Amino acid sequence: MITGDTALIAAHDITKTYAMEGAPVHALRGVTLDIRRGEFVAVVGPSGSGKSTFMHILGCLDRPTSGRYLLDGRDVSDLSDDELSAIRNRQIGFVFQGFNLLARTSAVENVELPLLYAHDRPVSPAERRRRAMAALAAVGLQDRAEHHPNQLSGGQQQRVAIARALLNDPAMLFADEPTGNLDSRTSVEVMDIFQRLKDERGITIVLITHEPQVAEYGSRIIRFKDGRVVSDHPNTSRRAAATELEAVALGPSEDV
Amino acid sequence: MSTRSTLSISLRALRRNRLQTVLTITGMTIGVAAVLTMIAIGSGAETAIEDQIRAAGMNLIVVTAGNYKVKSTEDFGGGAVEPSAALRRNDEPVVRAAIWVPPTQTKVRVAFHPEDDPMEKHNHPTAKQRLGDSEAGLGSAATLTAADAEAIRGLDGVQYVAEGLHQNVHVKAGDKRWFTRLHGTDERLPLIRRAWTFGSGRFFSAREQSRAEQVAVLGAVAAQRVFGDANAVGREVALWNQPFRIVGVVSTTSWMVAPAAGDDQFDAVYIPFSTVHRLLNLSKLNDITITAASTGDVSRVMGEVTKLLRARHNIGEDKPDDFTVTTQARQALAKGGMRPDVARAVVGNVGGLEKVTLEQLGKTLDRATRTMTALLAGIAAVSLLVGGIGIMNVMLLSVTERTREIGIRRAVGARARDVRSQFVIEAVALSLAGGIAGVIVGLLAARALSQYLRWSTTISPSAVLLSVGVAAAVGIFFGWYPAKQAARLDPIQSLRYE
């Protein structure tokens, strides 16, 4: 699968302009960058810098106003809506700040959701349930399967969302401020999951955050400002969430 | 995606959004039920008005035994003529005079009855009974038989035929006794008396008729006199000291013929004419009541009946009828304030009289029906509009609230068409449930209304189809359209939707 040099994501001069009343808003003013397989890219920048818009475009949730975006070698602008849906279903997992779980729906049914739309290889209801339970177990929530989102803590909801994102074994995981609504300890837990996904399964991760310390968990840090990339460098001093969790488990402090 | 998995997604979504589901179904139910009830009341009113007018005898033809008819060779046969024929005979004035004056000195017209003249006897099955019938007069002459009625049934354009034998009887039950009219008739009489309703029980059956059973139906007034407010059905009364079982009590919804003591319809007792024949050893009929299938056809049917009976009774060309064919309109005139001889003269000389009356009644009926149809269409349109807007609102509210759900589904890989079919299936399921519930509630409401307001209601299959169809169309459209719009957006727009 891993093809070395070939960029999984190749964005060339991407712009995004929102037609607002009065002056148009330029969210992205020409972003060019490549992301290779297995990278854990942290995108940081103040709010309004265009980092979320960039992630939405990479995740095929939104379309650029101009520019070329090659995903796994295919030009996304050539793809039909059905093909984009299939890409989101099979190759991409999303984790959002606001969790975006279906309300009044049990955790396991939320996790099952991507399999319901796996049209090219249908899965029986029993198999769906089995895989969803396995995914929940992987994030330590097997005993919360029948709980509804409003019966779960923020951290638990985010872990349900991660289990959902990973159910179809995607090649990429896009996370938009995944720790924004979580306390610091839970944030580290989520980062631990991400780092293990990168290290153990080679999943490409794009993490959007406005907190520089969270960005430190990534293997590459890209800074956005006013719709442009202002810096892009590998992170040599990567924080290791697993180590931090062990340290916290020993000490009394919640603060990391 | 398979239909089954879309179906399960939809049903799961409906279960999840229980409050919305209940609200939508309730809205749908109220919409459909309101439309249905309004249509039921409206068309019930329409039917009621038609019934009232029919109850007044629009298409009624009565053949009475005997004949008090002016003896004339040129105008026999109860003579309603078709308007075209009447127009061709424009040398004859329609009304010659308010009081009859002989048109020529040579043709003398006199009131005539065959029973008055022994020389008028001719070959007839009931000839033997005739001489013994001391009360022979109009209606009691023994010239009509059940076979005559049966033959009339075979005529073209005849809708229903009911035999009639009338007597005055004492109805006895215990120590109560009531002197009233007895009508020996056919089980089809209720079809002719359209405004009849059976508060309890039923009319006697064809089987009871053919076996000449001793069963009786009481008019509401007679039942009240004999049994008070107690239910008469199943009780026994004595007629001619013979036991009769009461099978029904008849009343009416018509305001034109309200039941009253002394009237002919509800201060009365009805039994099979075959039973009268058996018990009293008779074979004659007093009269035969006929309805024409179409009100415009009454004159032709009258002519046919006259021709048929004259042939059956072997009446020669130069002899007058031994029966009288008349319409309710003509009878009403004869029963009116005019002196009998004057009325007789008018009836005998104004050829197109019943035609004129019928045409006026017909026009009234047409106008009433047109007005009611327009009213009904208006009521249905307004109800459908109101119901439709209600359903539209609930559907729009539900879909708008669920735009985020659409965004989430799209983000995890649902295609636009997956979302559309999910929402369409949801809307169809809601519409079906709401539609069925609405029909049930509408039927119950209509029934309750007709019971408590004593107003007859009619729910036709087309009203059900119309109300459910429009409600479902509105529900499905406003379930599908916003979902289609939301599904067309880039997923992020649905996700960001507040």
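Reader: What makes strand S1 and S4(A) of chain A a pair?

Author: A pair needs at least two bridges found by DSSP between the strands. S1 (residues 7-18) and S4(A) have 5 bridges, in the antiparallel sense. Therefore they pair. His12(A) stands opposite Arg68(A) in S4(A). A strand here is a DSSP run of E, at least two residues, and a helix is a run of H or I, at least four, both numbered from the N terminus. This is a predicted model: local features need pLDDT of at least 70, side-chain atom pairs need 80 or more, and totals for chains, interfaces and linings use all residues. Residues are numbered from 1 along each chain as its sequence is written, while chains are lettered from A and ligands numbered from 1 in the order written.

Reader: How do you know that S4 and S5(A) pair?

Author: 2 bridges join S4 (residues 66-71) to S5(A), antiparallel. The cut-off is at least two, so they pair. Leu71(A) has Arg74(A) as bridge partner. In this hairpin, with 2 residues between the strands, Asp72(A) takes a positive phi near 55°.

Reader: Why do S2 and S5 of chain A stand at the edges?

Author: The open sheet runs S2-S1-S4-S5. S2 (25-36) and S5 (74-75) each have a single partner strand, so one side of each lacks a neighbour in the sheet.

Reader: What makes Val43(A) and Phe224(A) a contact?

Author: Contact means C-beta atoms, placed from the backbone, within 7 Å. Val43(A) meets this with Phe224(A), and also with residues including Phe54(A), Met55(A) and Ile222(A).

How values were computed: Two residues are in contact if their C-beta atoms, placed from the backbone, lie within 7 Å. Lists of a residue's contacts leave out its neighbours within four places in sequence.
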